[in-house]
Amino acid sequence: MTTTTATAQSAAPAARMPPQIPYIIGNEGCERFSFYGMRNILTVFLMTSLLLAVPEDLRKAEAKEVFHTFVIGVYFFPLLGGWLADRFFGKYPTIFWFSIVYCAGHACLALFDDSIPGFYTGLFLISLGSGGIKPLVSAFVGDQFDKSNRSLAQKVYDAFYWIINFGSFFASLFMPILLKAFGPRVAFGVPGLLMLVATLVLWAGRQKYVHQPARGANPHSFLKVVWTALKAGGAGAAVAALGAVGALYSLSQLGSLGLVPAVCLALVLVMGFGGAGAALQLDRARGAHPDDAVDGVRAVLRLLVLFALVTPFWSLFDQKASTWVLQADQMAKPAWFQSSMMQALNPALVMILIPFNNVVLYPLLGRAGVKVTALRRMGCGIALAGVAWIFAGMLQLWLDAGQAVSIVWQMLPYAALTLGEVLVSATGLEFAYSQAPLAMKGTITSFWNLSVTIGNLWVLLSNVSIKSPSALQAIHATGYSETACLMFFFAGFALVAAAAFGLVAKRYPMQDNYRG
């Protein structure tokens, strides 16, 4: 019997990589180049071309607001893409048609480089297209594997993260050069052509993919369980009602906040208070929904507390393409070096730090008796973002004092922020996936993307708040510039969030919800 078993095992075929994977990897590489190519020159283009009619003293704030509004859309629309794919169309058709929208957005950027309405239409279409496919591509990769070769899936996900940063590196390096040498139509047109190539590569593999059908309506979905709990009345419903009142007040402030910040703040209040209210009386949903659905919602709500504490990290991280680019404009650098090119340092460091952490840092900490858990990594990553912004604030003080500061010094905050990114971003999604029940995986992915939206919302709200007379008076009393004060504010914001994250993480009940 033993000999027969050994013979059967030796005869079993080795796990094979699905032949359709290169199509998806190629699509991802071209799409990421197109996205980062346009994103990393966006702030500079707004400052030097599109917003020249805006008074110079208001132009920086306007450019930052446009940039972060765009990023909010990119990370908000995953909710729409995930819902359409799961409910109606399936992953591949949804990815393909959103990619067409994505291409149309790039075309608008290239064609309407001198028209604010046309250019903003392009930004909206890109945020809709990019956001729509964001939660689907990685899940589509997983669909291509089964039990016979799932051991190879991690290699593909590693390749995904690497090629994202590979595309970002070259986009950050070359797009500023194209913008200066050939103008915005070429600089925005090249990423558009790469997105078209990405769509064609995806389409070329259509006959080879494993297609999982849409699940249709789920009577025990996350939102339906939460709604059942809230309808039960009691203290939870009262808490949710407070959120609704706050949302209505936010919408009434459209004039002072602006449309996008007001709407996003209203959604945050509804979700925050609604989630808190549902958590108070979630057990009242039992009977109307099976226990595993109710327990799944409880697990998601616990995760959302941690996600909320990660949002300050995204506030700091995404400003490297806005606030830090504007700071780089003031720094001493070679004539050929464009401020936006500094962003290439981030993906270059990511490609170095990921293997360094896994091969050197984590084993070294393990031998020193330090257990490197996912939550500890994320907490340290948030704190490192705060440290990076302390460095950036100190550089700003030098600049405000009239000193000539070399752009080489900006490598210091970039290094700290990128290490924080590796600890937060590369860890967070896998952690969320492992904690969410199988039926809630898609919900968690959407909420993780939504945390980036909320992080950028804090940036917009801070820009609005700093314009108030009382805030300006307090800043002028310090003797520092508005930019420096905002930098130190965001540093403190992240450090407080890191401390709170550590306290919550100590009481978090770890789960293991991978498939058997």
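These notebook entries record what I looked up in a predicted model.

**Basis.** I number residues from 1 along each chain as its sequence is written, and side-chain values use heavy atoms, without hydrogens and water. In this predicted model, local features need pLDDT of at least 70 and side-chain atom pairs count only at pLDDT 80 or more, while totals for chains, interfaces and linings use all residues.

**Entry 1: H4 and H5.** I looked up helix H4 (residues 56-76) and helix H5 (residues 78-89), which pack at an angle of about 20° with axes 5 Å apart. Helices here are DSSP runs (H or I, at least four residues), numbered from the N terminus. Axes are lines fitted to C-alpha atoms over the stretch in contact, and angles run from 0 to 180 degrees between N-to-C directions. H4 and H5 are therefore roughly parallel (angles under 35 degrees). Val74, Tyr75 and Phe76 in H4 meet Pro78, Leu79 and Leu80 in H5 (contact means heavy atoms within 4.5 Å).

**Entry 2: Asp113.** I found Asp113 in the loop between helix H6 (91-111) and helix H7 (116-143). Asp113 is buried, with a relative accessible area of 15% (buried means under 20%, with a 1.4 Å probe and protein chains only). Leaving aside neighbours within four places in sequence, Asp113 is in contact with Phe45, Leu50, Phe119, Pro184 and Arg185.

**Entry 3: Core.** I noted that the largest nonpolar core has 133 residues, and that Phe119 and Phe501 are among those with the most contacts inside it. Such a core is a set of buried Ala, Val, Leu, Ile, Met, Phe, Trp, Tyr and Cys residues joined through side-chain atoms within 4.5 Å. Helix H14 (residues 291-317) gives the largest share of this core, 14 residues.

Definitions and conventions: Helix = DSSP H or I, 4+ residues; strand = E, 2+ residues; numbered from the N terminus. Parallel < 35°, antiparallel > 145°, perpendicular 65-115°, else oblique. Buried < 20%, exposed > 50% of the residue type's maximum accessible area, 1.4 Å probe, protein only.
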